[in-house]
Amino acid sequence: MKMTGAEIFVECLKRENVDTIFGYPGGAVLHIYDAIFNQSHIKHYLVRHEQGALHAANGYARVSGKCGVALVTSGPGATNAVTGLADSLADSVPTVCFSGQVPSTLIGNDAFQEADVVGITRSATKHNFLVKRVEDLALIIRQAFHIATTGRPGPVLVDIPKDISGEECEFVWPEKVNMRSYQPVTHGHPGQIKRAVRSMLTAKRPVLYTGGGVINSHGAAALLRELSHTLNAPVTNTLMGLGGMPHDDGHFVGMLGMHGTFEANMAVSHCDLLIAVGARFDDRVTGRLDAFAPDAQVIHIDVDPSSISKNIHAHLPIVGDVGVVLRQLLEEIARRNGTPDAEALKLWWEQINEWRKKDSLGFDQPKDGPIKPQTVIRAVHEKTKGNAIVATDVGQHQMWVAQHYGFNRPHRWLTSGGLGTMGYGLPAGIGAQVARPDDKVVIFSGDSSIQMCSQEFSTAFQYNLPVVVVILNNGYMGMVRQWQEMFYESRYSHSYFDSLPDFVKLAEAYGGVGIRVDRLDELDAALDRALNIDEHFVIVDVAISKEENVFPMVPAGAALNEMVLS
Amino acid sequence: MRHTITILVENEFGVLTRVAGLFSARGYNIESLNVAPTMDETVSRMTLVTSGDERVIEQIKKQLNKLIPVIKVEDISHLVHIEREMLLVKVASNPDNRLELVRLADKARAKVVDSVYIHYLTLELTGAAGKLDDFIAQLEPFGIIEITRTGSVGMRRGAEGFVV
């Protein structure tokens, strides 16, 4: 059957099981938007800026476990999308972005709204394509989804010149994708599995250090918990790995790294076996490399071989899908009726519990003093019973939420971990709400971050997405101010806003509800009200103590056991 | 340490940029990079000469493999292998030294490829990179006008081929 490129696009998306896309039209994608107009299977959400489309697709992908899809026009449409692509690349989130391109005959002519999008996005994507013939379109789309969702997931961009989307050809659906140059490994090497189990069962001070790979791999979180209990080993999560282990599980010692708990960082610093699962030894996790887990043998399980031994040498690498490998490990332990070294572990847990007594996340909330941000986050946790889908922007509030919200399952936590993109939270939360219309989505933000993608309130209003945005408002770019206080003798260079908008009025201007909280005794009622509004989005603008810092903290370049506790 | 890496890639547009871009983005050195199609027209073969310690070279191999159109990567430095490079060099000459120059070329087994005019001579030489360096040094006193080199191409010895 003959179809235009635009019709092929729609048909392929349907067959890839896509029913939701986020986008913004423009000249080079008008054929495609016309094809979208003429069908009813795919629902298109109109954002207000292309960066929002990519973040929304990212949020959608993270909570739904499906591939997020965005559609943008050529030139500025695509360049606006770059931040969102780079964000999904850093956090390994499966997304496919389609961009319009000027007609093939004009490419290279500096045409109106032309940019070398394949060139610009090469290092911001897992892979990208320029479609040169309409006959190739279906196969490229098929490959794009295959690449985005398999192996270490990531963003893929498909650049479609306008003449290609307008041209007709016979539609052929490629039933199978087989790329000889792209064959991700899923199963761990059996020999390595055996060796790993031997180390695990003889370890005296083991630690499971787990990251986003546990979230990305379907069913891996439950297996991680099982392995942790089987080995009686503590689990620490990276920022990306939160939700991989229930926060109230006795084996969970909290997040590690720059703003991790004392017990997590001390456990890593003193362990004799570090089992890294779907984590990549980011500099915010390791601190000074030569002092990171100095006494440990390192087992590193990761689907991406290039993550292994990149920053920290792995004594025992296992390449494979985290979920598959965890299952292999559990099977091997069961096969040999293996039990860990109970006596050594008893001592290890005594030590860990000693570290726990520091209560490194503890804080004082004065009854009549300013509201502490931690108080707000813990209140939201209680009121949502820890079941909300939680998104954040970037900065102090992000770290406080990571420390204090308490996640109990995967796919409920959206944060820009790798790239650290301010402005991520609102559009990502919108994408999550689209994927899970019946769940409560709470977006924690700061007074600075929220201003980076605030145009998306208009999107939330248009589609009646009742996200709750809690702004922890201290009038500062808090994390910048904290670093300036600690490392630049409190010279607060350009980290203070004299002219914040009235966020209540901003909410109202965009059709939502705005609530301001200045005093502690107003907080409860405000949160209750906000969390029970199901028709509109809500902004809760909370005045928090202005110069609260995030602690504990490992200063950049210091060792994990050189923490500043307060 | 110097490493010679051979790479098989899908013969599609943009692959060279992906490889070169990887090296610049991650701060790796490229000493030389050679690329041309193979007998299988869907496959191109690259020979890349780089330097770094074992950890860096290991990362380079992994990062190359991570590129979607890269089919196969092999570091041939530690294997018994052959490496050759071609040089074109244009040397100034005059009636007095021309004979000496041609003799020198003969001795090095270089070919004279352009000798139409008396005031210059163009020579072609194939060999290991070091041999080319030596030859260039010998020519220097005559006055080298310009040189161009292909960069190394390499393959391992033995009956087995590095193919898809």
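Because the model is predicted, local features are reported only at pLDDT of at least 70 and side-chain atom pairs only at pLDDT 80 or more, whereas totals for chains, interfaces and linings use all residues. Residues are numbered from 1 along each chain as its sequence is written, and chains are lettered from A and ligands numbered from 1 in the order in which they are written. The model has an ipTM of 0.91 and a pTM of 0.96.

The contact between the chains involves 12 residues of chain A and 16 residues of chain B, two residues being in contact if their C-beta atoms, placed from the backbone, lie within 7 Å. On the side of chain A that touches chain B, four residues are nonpolar, five are polar and three are charged. In this classification Ala, Val, Leu, Ile, Met, Phe, Trp, Tyr, Cys and Pro count as nonpolar, Asp, Glu, Lys and Arg as charged, and the others, Gly among them, as polar.

Chain B contains four helices and nine strands. Helices (H or I, at least four residues) and strands (E, at least two) are DSSP runs, numbered from the N terminus. Read from the N terminus, the elements of chain B follow the order β-α-β-β-α-β-β-α-β-β-α-β-β. Along the principal axes, the C-alpha atoms of this chain fill a box of roughly 55 × 35 × 30 Å.

Strands of a sheet pair through backbone hydrogen bonds, either parallel or antiparallel. Here, two strands are taken to pair if DSSP finds at least two bridges between them. In chain B, an open sheet of four strands has the order β2-β3-β1-β4, with antiparallel pairing. Its edge strands, β2 (32-37) and β4 (70-75) of chain B, each pair on one side only. On average, neighbouring strands of this sheet are turned by 15° against each other, direction ignored. Axes are lines fitted to C-alpha atoms, for helices over the stretch in contact, and angles run from 0 to 180 degrees between N-to-C directions. Helix α2 (residues 54-66) of chain B packs on the sheet and touches β1, β3 (43-51) and β4 of chain B; the direction of this helix makes about 165° with that of β4(B). Five bridges link strand β1 (residues 2-10) of chain B to β4(B) in the antiparallel sense, and B:Leu8 stands opposite B:Lys72 in β4(B).

Chain A holds an open sheet of six strands with parallel pairing, in the order β11-β10-β9-β12-β13-β14. The edges of this sheet are formed by β11 (252-255) and β14 (316-319) of chain A, each pairing on one side only. Strand β12 (residues 273-277) and strand β13 (residues 297-302) of chain A run parallel and are joined by five bridges. The bridge partner of A:Ala276 in β13(A) is A:His300.

Two helix pairs of chain A were examined. Helix α3 (residues 50-64) and helix α17 (residues 425-435) of chain A pack at about 45°, with their axes 6 Å apart. α3(A) is therefore oblique to α17(A), as angles under 35 degrees count as roughly parallel, over 145 as roughly antiparallel, 65 to 115 as roughly perpendicular and the rest as oblique. The crossing of α3(A) and α17(A) is right-handed; a crossing is left-handed if the near helix is turned anticlockwise from the far one by less than a right angle, and right-handed if clockwise. The residues of this contact comprise 10 nonpolar, seven polar and no charged. In the second pair, the axes of helix α1 (residues 5-15) and helix α2 (residues 30-37) of chain A come within 8 Å and cross at roughly 55°, which makes α1(A) oblique to α2(A). The crossing of α1(A) and α2(A) is likewise right-handed. This contact has six nonpolar, two polar and two charged residues.

Most residues other than glycine have a negative phi, and most peptide bonds are trans. A:Ser92, in the loop between α4 (76-90) and β5 (95-101) of chain A, has a positive phi near 55°. A cis peptide bond with omega of about -5° joins A:Phe551 and A:Pro552, and A:Pro552 is found in the segment after β20 (538-543) of chain A.
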